[in-house]
2 protein chains.
Amino acid sequence: MAGIAEVAARAGVSKATASRALSGTGYVSDATRERVRRAADDLGYVPSAGAVSLATGRTQTIGVVMPYVNRWFFAEVLEGIQRSLLERGLDLTLYDAKPGTEGRARIFDDFLARKRFDGLIAVGLEPVNQELERLTRIGRPIVSVVGDGEETSVVAVDDDYAARRATEHLIGLGHRDIAFVGGAPESHWAHVDQQRLAGYQRAMNDAGLADRVRHVHSPVTMPGGYAASVDLLGDARRRPSAIVGVCDEVAIGTIIAARRLGISVPSALSVVGIDDHEFADMFALTTLQQVPREQGTAAVELLLAEIADPPRARTRLRIPSRLIVRNSTAPMDGIDPGAPLL
Amino acid sequence: MAGIAEVAARAGVSKATASRALSGTGYVSDATRERVRRAADDLGYVPSAGAVSLATGRTQTIGVVMPYVNRWFFAEVLEGIQRSLLERGLDLTLYDAKPGTEGRARIFDDFLARKRFDGLIAVGLEPVNQELERLTRIGRPIVSVVGDGEETSVVAVDDDYAARRATEHLIGLGHRDIAFVGGAPESHWAHVDQQRLAGYQRAMNDAGLADRVRHVHSPVTMPGGYAASVDLLGDARRRPSAIVGVCDEVAIGTIIAARRLGISVPSALSVVGIDDHEFADMFALTTLQQVPREQGTAAVELLLAEIADPPRARTRLRIPSRLIVRNSTAPMDGIDPGAPLL
């Protein structure tokens with residue numbers, strides 16, 4: 001394969017000029033850059049990544065740390081990040097940091113310290129103990145997706161608002177016995193869970209329903225919501241008339257549990273979620289929409305801006321959710337529950 | 001931050017020896033390696049990635065190309081790959097190559113040609129036109145997960161066997177009108193679809209049911225299987241007594257459609273899938289199990305072996321699936337459909 005010397009010779013410039021033209025660092029006239037690029041194309045020249053990195057001080061790589069890749073939210077954010085980086089010719093190095101695993105410790109101890117990236121996007125990470133300190137000590141720009149820390153810029157939906165709006169929708173339909181399903185004190189999703197639970201509680205308080213507040217713990221997954229809802233709905237005496245799921249996956253688990261138990265949704269039970277998950281439409285789920293792919297895109301733009309021009313202050317991008325009414329919620333008094341609700 | 005010179009001085013060795021000890025290349029006694037490592041730890045020394053790459057000729061990175069990250073199979077394979085690489089201290093660079101997109105063209109034209117990896121795992125890629133030629137021209141070891149090509153080593157389940165076994169299970173229960181749902185001629189999952197469809201057809205032929213073969217096209221997703229099944233099941237005159245889904249996501253879409261239409265599963269309709277998706281248990285779905293996470297792990301082991309010692313022949317690892325009987329399938333004649341089937 002051709003080297004930089006062959007490219008320089010073909011373009012009629014010095015090796016240093018050819019190198020500058022191809023790496024995009026230092027001044028080269030447009031005409032020369034074009035000539036060198038054409039020579040490189042003609043010869044099939046591809047620069048060595050290691051050499052580019054040493055010459056420019058940039059790795060052309062963005063690191064992404066997330067605790068899961070096999071959950072809807074994380075996979076969608078990752079898609080958004082990947083697409084944005086691809087458009088800009090940047091590589092994505094993925095660090096899958098499952099909470100409480102040895103692998104996660106290794107990522108924080110070894111991998112991140114190698115700094116094989118120009119900047120880092122931390123998705124739903126909720127760093128614990130010394131992790132956050134280690135992250136900021138790396139000395140590379142970091143943007144968080146989800147989270148509430150002061151240490152990095154953040155892109156997130158307004159979780160408190162989303163849960164409040166979901167609860168108000170049910171209250172507006174006449175429901176009083178409204179339970180909140182999902183999340184647990186020890187959950188690794190603590191921040192999101194807590195914000196959403198707080199939004200539900202606030203809406204209940206504001207409507208004079210503080211004594212009806214009920215939080216049913218469950219893993220933040222569809223099977224988790226299913227199992228918790230089978231328990232909750234199985235006892236007819238304690239059954240609520242409406243449920244706010246901490247997210248759509250849990251809310252869909254609730255709908256599946258209700259169907260299994262012969263409880264009709266929405267005529268006997270209203271269910272609302274948060275997310276607008278890809279399955280929400282299939283289950284006719286009323287929900288508060290967020291678009292995680294756009295959060296991934298926004299995080300890339302914010303991070304690249306911070307790499308190019310280190311900011312003095314952190315950016316906090318809070319995205320409001322939109323209520324999407326489908327057919328899983330109906331008025332408490334059952335007046336024409338089949339009609340569309342707006 | 002400390003450099004290699006400080007590490008060498010502290011360990012009482014030459015810079016070249018310190019470099020060999022830390023990079024793992026060339027001979028260094030165990031005692032010396034240990035001494036250098038301790039010195040590096042004491043000083044908080046982290047080698048520059050670019051320098052390591054130039055010195056060893058290795059990037060310590062494995063590239064992963066896949067068409068989706070937000071589908072169960074791909075996300076699970078990715079988890080398996082990530083965990084295996086993490087254990088070995090290797091980075092994972094992700095290339096998300098959506099079929100037919102401009103981004104995919106760019107990955108094949110630019111990203112892969114940069115060779116910023118020691119080897120490549122191609123998951124469900126089904127390269128088209130010049131893509132395969134480009135992949136092999138990279139001159140790095142490649143292992144495919146899913147696929148049937150001769151050009152790379154392959155890790156895959158035996159899709160033909162899985163679909164045959166699923167169909168035979170239904171035939172054994174007395175079903176004759178068995179439809180196969182999912183996949184389309186133009187699908188990007190063409191290889192898997194075709195193998196599974198072929199396995200279904202073979203089982204039908206072997207049972208003298210060639211004239212009952214029916215393939216209902218649908219996108220290979222839960223909402224896709226749902227929509228196709230609403231159409232298929234809505235017409236009572238043409239309704240089959242059993243359905244093989246091309247994968248669990250499609251089969252679960254079928255179950256959701258049946259519930260929506262008031263068709264009882266399994267007493268009025270048997271449904272079997274392929275995968276053992278994380279939701280299979282929640283829908284009591286009978287299925288042929290595959291464990292994509294293990295395929296990811298196996299692909300890493302195979303790839304690292306090929307990087308260490310380039311093989312003369314390609315390895316083809318075909319994994320048989322196991323039938324898991326849950327409650328979505330029952331005998332045709334409805335004798336005690338609620339009883340567990342073994």
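How many residues of chain B are in contact with chain A? In this predicted model, 51 residues of chain B are in contact with 52 residues of chain A.

**The interface**

Between the two chains, an area of about 4400 Å² is buried, and carbon and sulfur atoms give 58% of this area. On the chain B side, B:L86, B:R116 and B:M282 lose the most area to chain A, and together they make up 15% of what that side buries.

The interface is summarised below.

| Item | Value |
|---|---|
| Area buried between chain B and chain A | about 4400 Å² |
| Salt bridges between chain B and chain A | six salt bridges |
| Polar contacts between chain B and chain A (both residues at pLDDT 80 or more) | 25 residue pairs |

Several elements of chain B each supply at least two residues of the side that touches chain A: α4 (49–56), α5 (72–87), β2 (91–96), α6 (102–111), α10 (222–234) and α11 (248–260). The largest share, seven residues, comes from α5(B). By residue type, the side of chain B that touches chain A divides into 26 nonpolar, eleven polar and 14 charged residues. A salt bridge joins the side chains of A:R116 and B:D91, with 3.3 Å from N to O.

**A histidine in chain B**

B:H277 sits in the loop between β9 (270–275) and β10 (286–289) of chain B. Is B:H277 buried or exposed? Its relative accessibility is 5%, so B:H277 counts as buried, the cut-off for buried being under 20%. A polar atom of the side chain of B:H277 lies 2.9 Å from the backbone nitrogen of B:F279. Leaving aside residues up to four places away in sequence, B:H277 touches B:W72, B:D248 and B:E249.

Technical notes. Residues are numbered from 1 along each chain as its sequence is written. Chains are lettered from A and ligands numbered from 1 in the order in which they are written. This is a predicted model: local features need pLDDT of at least 70, side-chain atom pairs count only at pLDDT 80 or more; totals for chains, interfaces and linings use all residues. Side-chain values use heavy atoms; hydrogens and water are left out. Contact means heavy atoms within 4.5 Å. Buried area is the accessible area (1.4 Å probe) that two parts lose on being put together, summed over both. A salt bridge is a side-chain nitrogen of Lys or Arg within 4 Å of a carboxyl oxygen of Asp or Glu. A polar contact is a pair of N or O atoms within 3.5 Å; within protein, one must be able to donate a hydrogen and the other to accept it, and residues adjacent in sequence count only if both atoms are side-chain atoms. Helices (H or I, at least four residues) and strands (E, at least two) are DSSP runs, numbered from the N terminus. Ala, Val, Leu, Ile, Met, Phe, Trp, Tyr, Cys and Pro count as nonpolar, Asp, Glu, Lys and Arg as charged, and the others, Gly among them, as polar. Buried means under 20% relative accessible area, exposed over 50%, partly exposed in between (1.4 Å probe, protein chains only).
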